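Dear colleague,

I am passing on the structure below, together with some notes on what was found in it. Please read them with the structure open beside you.

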Amino acid sequence: MRTIIKAFIAIAAMIILVSWGKPLSTRMNEFVNTIEQNCKNWTEEDWERSEEKYKKLLEEYKQNYDSYTSEEKSAINIEIGRYNGLRMKTGLEGAGQKIKDFGERLPSLIEGFLSVFEE
């Protein structure tokens, strides 16, 4: 049993070290790609979780900004733009659906409103 636990801890440590070893631009790209592939059916909770991770990545970027090359900064900025674009796109699509739903209800709403003024 102890051997299994030690092996699990060793594997977990290696995974953490490998993921920390990746450049921020690569991690940002992987993060945004994952979101792009999965976000179509996300709830607000899912977006909140992604926002937490995104803020951590941005904080790392700000803290180490001077250590990045111009190419790394450009790659990271592209991913920041993609993430914000995805957020806006999904927000607009949600708003579009709400407007469509309201438009479908509008004739009934007007009919009900006008019925109050009929004699």
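A polar contact, as used here, is a pair of N or O atoms within 3.5 Å; within protein, one must be able to donate a hydrogen and the other to accept it, and residues adjacent in sequence count only if both atoms are side-chain atoms. This is a predicted model, in which local features need pLDDT of at least 70 and side-chain atom pairs count only at pLDDT 80 or more, while totals for chains, interfaces and linings use all residues. Residues are numbered from 1 along each chain as its sequence is written, and side-chain values use heavy atoms, with hydrogens and water left out.

The side chain of Glu79 makes such a polar contact, at 3.0 Å, with the side chain of Asn29. Glu79 lies in helix H4 (residues 70-115), helices being DSSP runs of H or I with at least four residues, numbered from the N terminus. Glu79 is buried, with a relative accessible area of 6%, where buried means under 20% (1.4 Å probe, protein chains only).

Trp47, which is found in helix H3, is likewise buried, with a relative accessible area of 5%. Leaving aside neighbours within four places in sequence, Trp47 is in contact (heavy atoms within 4.5 Å) with residues including Ile35, Tyr83 and Arg87. Trp47 and Arg87 are 40 residues apart in sequence, yet 8.5 Å apart in space, C-alpha to C-alpha.

Among the residues of H2 that meet H3 are Phe31 and Ile35, and Trp47 and Tyr54 are among their counterparts in H3. The residues of this contact divide into eight nonpolar, one polar and three charged, with Ala, Val, Leu, Ile, Met, Phe, Trp, Tyr, Cys and Pro counted as nonpolar, Asp, Glu, Lys and Arg as charged, and the others, Gly among them, as polar.

Terms used
Helix = DSSP H or I, 4+ residues; strand = E, 2+ residues; numbered from the N terminus. Buried < 20%, exposed > 50% of the residue type's maximum accessible area, 1.4 Å probe, protein only.
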